[in-house]
Every structure is written in structure tokens, then in C-alpha cells.
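Thanks for passing this one along. Here are my notes, as numbered points to read beside the model.

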Amino acid sequence: MWSILTNNWNALLSGLGYTLAASILALIGSLIIGTLFALMEISPFKALRIIGRIYVEVVRNIPLLVITLAFYVIVPRFIIKIDGFTAGTIGLLIYTSAFIAETVRAGIEAVPSGQMEGARSIGMSYTQAMRQIIFPQAFKIVIPPLGNQFINLVKNSSVLAFVAGFDLMYQGKLIAATTFSTFDTYLIVGVLYLILTMPLSYLMRYLEKKWVTA
Amino acid sequence: MSMIEFHDVNKYFGKFQALKNINLTVDRGEVVTIIGPSGSGKSTLLRCINGLERITSGQLIVNDFDLADKKTDMNRIRKNVGMVFQHFNLYANKNVLQNVTLGPDLVLKRDKAEVEQEARDLLKMVGLESKADSFPGELSGGQQQRVAIARSLAMKPKAILFDEPTSALDPEMIGDVLDVMQKIAENGMTMVVVTHEMGFARHVGNRIVFMDDGKILVDSSNVNQFFDDPQEPRAKEFISKIINH
């Protein structure tokens with residue numbers, strides 16, 4: 001097992017780098033897009049609510065692999081040429097954004113309705129009330145479930161392996177195929193994923209302690 | 001000079017009619033108390049005045065603005081008409097001082113130092129100057145309600161609406177809140193108060209309105225007579241119930 005690690009160190013490290021890059025890009029992107037769709041879902045305008053609802057329901061009910069393959073196969077053929085890494089990261093971003101939208105929506109709705117009324121009653125606009133009163137309270141509620149989504153995202157980034165995304169799982173597959181040491185290779189890959197996700201887990205726990213109990 | 005005018009106002013929630021042909025005028029400086037059984041439309045009537053609910057038909061004029069007109073800026077109405085809620089609705093993520101200063105800071109965009117000084121004076125007036133740095137969750141119900149009143153006053157409104165301000169409080173907390181409300185009334189504030197506090201209605205109120213089933217059944221300036229010898233049969237039944245329980 002040690003020889004697999006030393007002989008393929010560069011490939012594994014590069015895979016780890018791609019996984020990390022895809023995860024960070026998808027995390028930031030899905031947080032932004034997910035929050036936007038959450039805002040649409042709770043918007044006072046019915047048209048926006050319907051668009052938000054359709055997006056969330058369609059995206060979260062299609063397997064991640066199918067969404068990713070759509071970007072890998074269909075988009076390059078008809079729209080613009082993109083590589084496996086880009087297609088995989090976009091697929092991951094879109095897929096995760098639907099779950100983040102639901103998490104953020106639930107967090108905002110968990111803030112008692114009296115908070116919005118209290119804010120509106122002194123003449124604050126909807127946007128001011130959201131920014132000053134609702135978001136700060138929803139943020140605290142949302143941290144623990146958001147942590148779950150982020151950890152899932154890092155693990156789901158292994159979908160890149162199916163579209164030649166050069167990630168950790170992709171390198172693992174190659175190494176296993178050339179060395180025939182399937183068990184040892186995937187054990188190493190598993191440990192490397194843990195090295196990525198465990199600190200994230202602890203970070204979320206730390207934020208939870210710091211902000212949620214405050 | 002009238003502050004609030006309802007002309008033939010109706011309000012529906014879906015098929016349910018919450019307000020039926022309401023006609024009511026509140027003059028500046030008047031303290032009007034509204035009583036009636038639950039579900040009679042008292043809170044809805046109050047919430048219409050600052051646009052938390054929109055009326056379905058009729059005309060509602062508040063501070064010379066027409067609330068039925070879609071062009072009316074509700075935020076401008078709300079700057080001038082304060083509201084105190086049954087469950088206080090203080091901002092849970094802001095401390096007591098910030099709860100009071102946020103409106104003048106953010107909505108009226110006034111000078112911060114001046115606003116803070118006024119807020120501290122208001123907290124003193126409601127007897128809570130020592131709680132400026134506390135968060136709402138650390139206060140008793142009665143204290144929270146007094147902060148909510150200070151928050152409302154900080155906007156220097158032309159009228160304040162009170163929606164059952166003492167209904168969620170322990171009995172011993174009610175007196176402090178009513179004292180503050182009396183002080184405000186004595187300073188000439190226009191007030192519309194939904195309450196079951198008969199003492200307040202008698203001693204502070206200039207007028208009593210009795211509602212049932214979405215309608216105003218009694219609108220009288222003779223508050224004592226209303227309680228001692230109610231003429232309207234439904235009001236008579238209601239008062240005997242709240243006195244003899």
C-alpha cells in the first residue's frame with residue numbers, strides 16, 4: 001500500500017487539488033445561486049415564487065450524475081465547448097444550489113413572522129427588513145444544515161471522475177486500473193477525502209458554537 | 001382635525017369578511033379604545049390603519065394619505081403611525097438600544113448621536129435605561145413591551161396603534177405598561193388601543209368602540225356609561241361576561 005502512495009503521489013496530489021478547486025468553486029457558486037432562488041421562493045411576487053419552485057423541484061429531483069453528464073455531453077455539442085472539469089463543477093454547483101435554496105428558505109421562514117411585521121411597522125422597506133432583521137437571524141438557524149450541504153458537496157465532487165474531471169476519484173480509478181490494487185487504492189482515496197471533509201466538519205461546528213449560541 | 005377616517009371599509013380574507021362596512025373617525029389627540037370578542041375584527045381594523053393589511057373596498061384616510069390608492073407609499077404612512085404588538089416583536093438580533101435607534105437611523109436617516117441620546121431618554125421614560133445593552137430575550141414580557149413602546153415613540157409618530165399590548169403579560173407586569181401608555185396619552189398622542197383593560201378604557205380613553213362579527217356596534221364618547229349601563233344587547237352580554245368571570 002505504501003508503494004502505491006509513493007509511486008502515485010503526484011497524481012493523487014493533483015487529484016486532491018482538482019477536487020478542492022471544484023469544491024470551492026461549486027460551494028461559492030451554489031451558495032450565491034441557492035440564496036437567490038431561496039429569495040425568489042419567498043418573494044412577494046407570485047411569478048418569482050413559481051420560477052424558484054420549479055428550479056428547485058426539477059434540479060433536486062434529478063440525479064447529480066445526470067445533470068453533470070448533461071453539461072458534459074449536451075452543452076459542448078450545442079452551445080459552447082467545455083472540458084470535463086468545467087462541466088463537472090457546473091453540474092455540482094447547480095445540483096447543490098437547489099438543496100441550499102431549500103435550506104436557506106427554511107431558515108428564513110423559521111424566523112417568526114412578527115420580526116418582519118415589527119420591522120415594517122416602523123417604515124423599513126422589505127429589503128431593509130430582510131437585511132437588518134431577517135437575514136442575521138436566519139443565518140444562525142441555517143449554519144448547521146448548511147454544513148451538511150457543504151460536506152455532501154465535497155463528497156459529491158467525485159462525480160467529476162465520470163466526466164474526466166481529473167479529480168481525486170478520477171486519479172484513484174486510473175491508479176486502481178493500472179496497479180490492480182483496487183482495495184488499497186480506494187482506501188487511500190477514502191482517507192484523502194477525509195482529510196478534506198474533517199476540517200470542514202470541525203469548522204462548521206466551530207461556527208455553530210460561536211454564532212448560534214451567541 | 002381627523003387623523004384616521006374609515007368610510008364604508010370592507011376587508012375580505014378570501015371568502016371570509018373580516019370587516020363589514022366600517023365607518024370610524026379618529027381625531028388628532030384622541031384616545032380610542034376598541035373592545036370586542038376575539039375574531040370580531042379589532043386587530044384587522046388596527047392592522048389596516050398602518051397598511052399591514054390592505055382594505056378590499058371603501059376609503060381609508062390616514063394622516064391625509066389615501067390607503068386604498070396603490071400609489072400611496074406605505075412606508076411613509078408607517079413612519080408616521082407607530083404600532084405596538086401583543087407579542088412585542090422586538091428585533092431578537094439587536095439589543096434594546098439598537099431596537100429603539102434602528103428606525104430613526106435607517107428610515108429617518110437622522111444624526112446618530114442625537115438619535116442615541118433621544119433613545120436613552122425614551123428608555124428612561126419607560127424605566128429601562130439600565131437595560132440598554134440587554135437583548136430582548138433577556139427581558140420580561142412587560143419590559144419588552146415597554147421597549148417596544150419606546151421603539152415606536154422614537155419615530156416621533158403622529159399616532160400609535162396598540163394591538164392588545166397587555167394580553168400576553170403576567171398580571172403584575174400589566175400596570176407598568178399601562179402607566180407608560182397613560183403618560184403618552186397625557187402628552188397628547190393620538191392612540192387607537194385594542195384592549196380588554198377596562199380601567200384603561202375608562203380613565204384614559206376618550207371614546208369606546210365595540211366590535212362584533214366585523215361590524216362596529218357601538219361608538220360612544222360616554223365610556224363610563226358604556227361599561228356601567230350598556231344599551232346595545234351584544235355589548236351588554238360581552239361586558240357581563242368579562243366582569244363576572
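1. Eight residue pairs are in polar contact between chain A and chain B, both residues at pLDDT 80 or more. A polar contact here is a pair of N or O atoms within 3.5 Å; within protein, one must be able to donate a hydrogen and the other to accept it, and residues adjacent in sequence count only if both atoms are side-chain atoms. On the chain A side, helix 6 (113–121) and helix 7 (126–156) each supply at least two of the residues that touch chain B. Helix 6 of chain A gives the most to that side, with seven residues. Helices and strands are DSSP runs numbered from the N terminus (helices H or I, at least four residues; strands E, at least two).

2. A word on provenance: this is a predicted model, in which local features need pLDDT of at least 70 and side-chain atom pairs count only at pLDDT 80 or more, while totals for chains, interfaces and linings use all residues. Residues are numbered from 1 along each chain as its sequence is written, chains are lettered from A and ligands numbered from 1 in the order in which they are written, and side-chain values use heavy atoms, with hydrogens and water left out.

3. How many residues does each chain bring to the contact? Chain A brings 16 residues and chain B brings 22 residues, contact meaning heavy atoms within 4.5 Å. About 1,600 Å² is buried between chain A and chain B, 54% of it on carbon and sulfur atoms; buried area is the accessible area (1.4 Å probe) that two parts lose on being put together, summed over both. In chain A, the residues losing the most area to chain B are A:E117, A:S121 and A:I122, together 36% of what that side buries.

4. Between chain A and chain B the count is one salt bridge, that is, a side-chain nitrogen of Lys or Arg within 4 Å of a carboxyl oxygen of Asp or Glu. The side chains of A:E117 and B:R47 form a salt bridge at 2.5 Å, N to O. Over all chains, the structure holds 23 salt bridges.

5. Within chain A, the side chains of A:E102 and A:R60 also form a salt bridge (3.8 Å, N to O). This pair joins distant parts of the chain, with A:E102 in helix 5 (residues 84–110) and A:R60 in helix 3 (residues 46–60), 42 residues apart.

6. Overall, chain A has nine helices and zero strands. Its C-alpha trace spans about 70 × 45 × 20 Å along the principal axes.
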